[in-house]
Amino acid sequence: MAISLAALLAVQSLGLKKSSLAETTSHQDIRWVAVTELEDPQRFLNGGELVLTTGLRMKSAPEQRRFVRQVQRAGAVGIGFGVGLSHDAVPPALIAEANRWGLPVVEVPYGTPFIAISKLVADAQSADHYSKLERLIAGHQILARALLTGGGLAELLRHLGGMLRTEIALTQFTAQLYNSGSEPPSADSWTTYPIPTGRRDACTLWVKQPFEDSGIIGYAQNLISVELNNMVKQRQAERALCGQVLEDVIHGTLEPSEAQRRLAGTGINSTRKNVVILAGSEAHHKQLVSSSLPQALENAVTAVVGKDLVTVVPDDGRGATAMARSLSDHLAEAGIHATIGIGGAYTKPNGLRWSYFEARDAASHGLPVNEPERLSLTSLLLASEDVPLADMANESLDPLRSFDAAHGAELMATLESYLNNNGSVAAVAEALTLHRNTVRYRLAQITELTGYDPSVTADRVQLWLALAVARLGARHAG
């Protein structure tokens, strides 16, 4: 360990004697020994030194006092005055000035060479450095073992906090990945260290003050970085597997009992109410599907379905909006511009399907966070791949589209206006600024081209459904 001036006085072989009354820095570690005969040594001192001198140039009391002031201002821990050469004893003026400034002074006898003191301090420094190095290596081994033995990030940070004897926290955007204390970290009483991961993920290690860093934090930063990258890869793999199960459930290809069993394997309990929160981003879908989640969604199961990030939350619907907003804020902090849709709260695998369709339909509204709405029959049928409704819609409407393109007609617009106006020819004529006979003529053309008569209820439903599917399909494609 480093040695202090008080400890040097206790080394009998040196024969040092205390000359001043001051003890302010007597127990402070000596960083180094400076031997000088300069009148002004202040500019050559960095603080923490024991200054050794024989007073060769200190002939007068003013010079001796000035020397003490310069040494004290430089932050030295004390003065060792060698007697028997320039002075037979430590000058009284030097001692008086040292007492005034609270600077310890010791007398070094003629028979004790300065190099003996320097060597003793250097050996103590070397032993202290070696001891710190041993502790650092041992700390490296403990932190590495925490990861290699499966303890994970939490175990590593727990050991790090124990080594620093303080609280530790790890944050990533709005998510708190770890906190050994009960209070969130704050900039005024915590020191921050960035964690590099090769991504724009703003991950920060927080260490509460006071603490002493012997170099272990730098090593811990690298280990945390490696573990976070491993967590991203693991997260991607888990979301891909969970996505396969959810896609089977969404498409309705599983029996209820099998769907329930497979959902349980992903951590989803379909016997209780669950809410689907869907996030989509055309511009940042690669970053989105591997992104971390905010603290509010720590108990959620996440999956990748198509290009969307799907989060399944056990909730009765009352907390879904707040969780969706926290996800939106978290992704925004990560630079990911996403549109989030919220589904309803349902039980059973089929309920999960409905919640997913509602969430996807809500997300298509385009707001940052979109509240759930009652799912339309059209949207539900279109989302189900085992019902070829989109093909049926195109089969009904393509003849009209082709005719409009070839002849510059407006049969599609006329049909849509007719259905929106509940089959009123007069309302269509007024809306499109047409003669009523022109409207009737166009409706006859629609019947001839499609085989469906808009004035017949069953045919009208078929055409209305086809238009609704076309609109919804175009919105999802966009």
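In what follows, a helix is a DSSP run of H or I with at least four residues and a strand is a DSSP run of E with at least two, and both are numbered from the N terminus. Every view is taken from a predicted model.

**View 1. Helix α13 and the residue N422 that comes just after it.** Helix α13 spans residues 411-420 and is mostly covered, with seven of its 10 residues buried. These buried residues are L411, M412, T414, L415, S417, Y418 and L419. Just after α13, N422 takes a positive phi of about 60°.

View 2. Strand β10, made of residues 274-280, runs antiparallel to strand β13, made of residues 339-346, and six bridges join the two.

**View 3. The crossing of helices α2 and α3.** On the side of α2, the residues in contact are A61, Q64, R65, V68, R69 and Q72, and they meet A93, L94, A96, E97, A98 and W101 of α3. Sorted by kind, the residues of this contact divide into seven nonpolar, two polar and three charged.

**View 4. The largest nonpolar core.** This core has 23 residues, and those with the most contacts inside it are L156, L157, L160, I168, L170, L205 and I224. The elements α4 (114-148), α5, β6, β9 and α6 each give two or more residues to the core, and α6 provides the largest share, namely six residues. When residues up to four places away in sequence are not counted, L160 touches L143, I168, L205, I216 and A220. Another core, of 22 residues, lies apart from this one, and among its members are L327, I336, A338 and A345.

**View 5. Backbone details at P210, R165 and K348.** A cis peptide bond, with omega of about 0°, joins Q209 and P210, and P210 has its place in the loop between β9 (203-208) and α6. R165, which lies in the loop between α5 (152-164) and β6 (168-172), has a phi near 55°, a positive value in a residue other than glycine. Its relative accessibility is 77%, so R165 counts as exposed, the cut-off for that word being over 50%. K348, found in helix α10, also has a positive phi, near 70°, and is likewise a residue other than glycine. With a relative accessibility of 57%, K348 counts as exposed.

Notes
Residues numbered from 1 in each chain as written. Predicted model: local features only at pLDDT ≥ 70, side-chain atom pairs only at ≥ 80, totals over all residues. Heavy atoms only, no water. Pairing = 2+ DSSP bridges. Axes fitted to C-alpha atoms, helices over the stretch in contact; angles between N-to-C directions. Contact = heavy atoms within 4.5 Å. Nonpolar A, V, L, I, M, F, W, Y, C, P; charged D, E, K, R; others polar. Buried < 20%, exposed > 50% of the residue type's maximum accessible area, 1.4 Å probe, protein only. Core = buried A, V, L, I, M, F, W, Y, C linked by side-chain atoms within 4.5 Å.
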